[in-house]
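Please look over the sequence and the structure shown below before reading on. The report then takes up contacts, nonpolar cores, aromatic rings and the confidence of the prediction.

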Amino acid sequence: MNETASHQAVLDILRDLLAELHGDRIPPDVTLASHLEQDLGIDSLGRVELLMRIRTQLGLDVAEDEIFEVVTVGDLLSRLGVAADTRAETPLPTPTAAPDGQVRWPAQAESLNAVLAFHAERLGDRPYLTFLAGSGVQTLTHAQLFERAGRAAAALRAHGVEPGDRVALMLPSGFEFFDAFYGTLCAGAVPVPLYPPASKARIEAFLLRQAGILDNAGTRVFVTSEQIRPFAHALRQQVAALEHILPASVLTRERGHVCLPRKADDLAFLQYTSGSTGQPKGVMLTHGNLLANVRAMGQAARVDPGEDLFVSWLPLYHDMGLIGACLGSLYHALPLVLMSPLSFISRPQRWLQALHDYRGTLSAAPNFAYQLCASRLEDSDIEGLDLSRWRLAFNGAEPVHAQTIERFCSRMQRAGFRREAMTPVYGLAENAVGLCFPPPGRGPRYDTVDRQRLVSEGIAEPVEARAEDATEIVGCGLALPDHEIRVVDAQRRPLPDRRVGEIQFRGPSATQGYFRNPEATAALVDGEWRNTGDRGYLVEGEIFLTGRIKEIIFRAGRNLYPYELEQAIGDLEGIRKGGVAVFAAMPPQGGEERLVVVAETRERSTERRKALVEHIRELSMTLLDTAPDDILLTPPRTVPKTSSGKIQRAECARRYREGRLLPDGRGGGSLRVRLALGVLLAAGRRGLRRGGRLLYAGWAWLAAIAVALPSLLLVLLAPGRRTAQRVAHVGARALLWLAGLPLRVEGENRLPAGRPLVLVANHASYLDALVLIAALDHPLHFVAKRELANHPLLRAFLRRLGTEFVTRSDVRASVAETEALVARVAAGDAVVFFPEGTFTEASGLRPFRLGAFRIAADTGTPVVAVALRGTREVLRGDRWLPRHGRLEVIVGKPLEPAGNDWAAAIALRDAARRFILEHTGEPDLAGSASIALPAGTSDP
């Protein structure tokens, strides 16, 4: 066999061993630099097994005194006398497509984490993101995205982030947002995207609003930019759960890599509806919801990863930008070209230029963006653009206007834009993002109906476009595949076509409700259906929107919709487009409800302002058949809007009632008072909680000292080992009782008396051994790290209880000590192992070392798996302040070895690990390709 063949044969044996060790999981990549233990998970016994297989199959061997000096794969090849094939220095890139040339989608993936790993493995070199920053163009491949996300996840885990914890992200568009968002997912946590402050002038209102969302989410960690950190510290005073404020720049400095497996029904992230006032409404979206939505949208849009490219400027804290553009591109392996929203707002032609430069085929924006391009761009801005490849221009997230569509299509025709590409869509956060899409390439569809019958009777009667009272309603498509929509009346009875009612939906993308908001959830859920709060009608399955239920104005027995009037007023010269609100509200001085128009303008001339008021009155009479009671011309930025640019009519009405329709930043004295009071109250609550925790911790340590000293003396003086163990058992139970830590034990009778046993338990805290001693009145002999034997008194105490000490860092000594443990088990003892070998502050079941299971297989001894719950929460990591909590010990049935070979040991390991995973409820960290321990980790 030549050296190259020997090299490949050794690697084949190594990969076979890894496949056995990792079971159903994808084994890590093998390179010459791979560390046998840290990177590949091969412990000391695995190393012996590997060398034995190489010796048996290839006749190659390592000198006896060098066996335990082998560290890396390259080192192994060198000591075997096999020349390394330098072409294997790094894994060969996986082809970007299947053999038939088609990019494969992760159709079986249950989570976004699985999608990340799928594409990183198969399409590692394929570009995912191209970010058009002010300083230049930055690119990110799928492999780089996964690597950065894994490092960010490791950093979050090092700061105590647990699966299910909420992590707030307040970051501008850019790589740092992707690091933080996908890193939070990989950590098993729940990202909560928040929009950054628009300006320092609005900081007080901004702080007050974000504090409510953070508190509702129970956010533990807040990730932001260096520029926003001072604002974040102010928020910390108002949010009791908030523990860490991290700049995004620190996330990718971590050297480890974590990507926890998640299930379809695990919460993926919270999407706070941008228009909510009062109690925040965080839409709960699971991994299954999100994947169902992006799959359905991809099917409806007939996405082709070989042809399509998505261009977006949409904010990443908004559902259309985050789910529609970013997650949709991720799943379907589409290249994504992204720019900052500020870049678009300041120069709208940049959006179209990016579509031209990158030959974009897909893009999405709210109606106002198309209006902005149609009205603000000069002919010179459009000259030279080629938009002919733009096949789907999604228009949604706010009311879609036929006039805007026609203006945009007409202006962009000279750049090759086809009218058939304009695609009005309908969606909402409660269904992830998308709900209704029209057939691709059909173009916009208008329904011309009688305005009077629509308003007075709720009937969409078709009329000729030339009819006196005709109005055009834009069709927004059919329900996505596997989703349904219907229109119902006030009694929730389905209505026929062309009858206006509330729109309901159901399907796999539908949320289960709002986070910690049962009242809003109850209003949303109607059995299998969800209420949208939108009104509209159906025609042959296509939805036509007429307005929001809560924004309909009831006047003289008629339903008035504000959108058309707002659009018309915004077209008046001198009125700020997008700065008009029409609503009904009680006046500040009381009295009957009034129809109010607020319009922003910079006009100062008295004559010009009077003319604008008269124009507004005439438009209202024409469109609504009634005149406004109040017309207020206000300065710019008076009309409140959501983070995505939608007008907040309810908030506008509230300010009108309070007589304070002023731009944000003025008249804010009461806001400052409320903010200060909120800070003081929150600080007081935090202080009380911390004081209570300190008092409890002090009491727990007094109890420990009071019990430990007499127990230590009695153990040392006990006449025999079994008596010493019973003294320790009674003392441990007394300590837990005094500390107020209730202990529940299940399955203690499953421990067979008088038989040798190998007990294996998860390791989560320094309390684990104490809790096992308290729970099990059985002759147990613990395996502990040799460092504990350095203190003479502690060594004598542990020796008296039958503890065996092992060396973790020296492979040669570890193997020798294993032989001693084999003898201990063969003599009939019950030996306790923590096969993870260590524990960390963050939860999760780490990979199991094979030593305990190989001993059980070699001696024919049954393995008993024991699951510990609650110890990590009571005493976490290297913290020395215990917290009150409940402790549980669940003992499994004895697992008999099926043989005395390597396969039997692996089978025992896998069975014990399955039991512990099932009964601890902690995430499975063995699913990660590589998990580096953060600084400050603890060992048994």
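## Contacts and nonpolar cores

Two residues are in contact when they have heavy atoms within 4.5 Å. Residues are numbered from 1 along each chain as its sequence is written, and side-chain values use heavy atoms, with hydrogens and water left out.

A nonpolar core is a set of buried Ala, Val, Leu, Ile, Met, Phe, Trp, Tyr and Cys residues joined through side-chain atoms within 4.5 Å, where buried means under 20% relative accessible area (exposed is over 50%, and partly exposed lies in between, with a 1.4 Å probe and protein chains only). The largest such core has 133 residues, and Phe222 is among those with the most contacts inside it, as are Trp351 and Trp390. A second, separate core of 52 residues includes Leu11, Ile13, Leu17 and Leu51.

## A buried strand residue

Ala365 lies in strand β11, residues 362-365 (strands are DSSP runs of E with at least two residues, helices runs of H or I with at least four, numbered from the N terminus). Ala365 is buried, with a relative accessible area of 0%. Not counting residues up to four places away in sequence, Ala365 touches several others, including Trp313, Met320 and Trp351; Met320 is 45 residues from Ala365 in sequence, yet their C-alpha atoms are 8.0 Å apart.

## Aromatic rings

The structure holds 23 aromatic pairs. The rings of Phe177 and Phe181 have centres 5.9 Å apart and planes at 10°, so this pair is stacked (rings of Phe, Tyr and Trp, the last by its six-membered ring, pair if their centres lie within 6.5 Å; planes under 30 degrees apart count as stacked, over 60 as edge-to-face and the rest as tilted). Both residues are buried, and both lie in helix α6 (residues 175-186), 4 residues apart, which is about one turn of the helix.

## Confidence

The protein chain averages a pLDDT of 83, and 84% of the residues score at least 70; pLDDT is the predictor's confidence in each residue, from 0 to 100. Over residues 85-101 pLDDT stays under 50, as it does over residues 928-940. Where pLDDT is low, the predicted coordinates should not be read in detail.

Key. Predicted model: local features only at pLDDT ≥ 70, side-chain atom pairs only at ≥ 80, totals over all residues.
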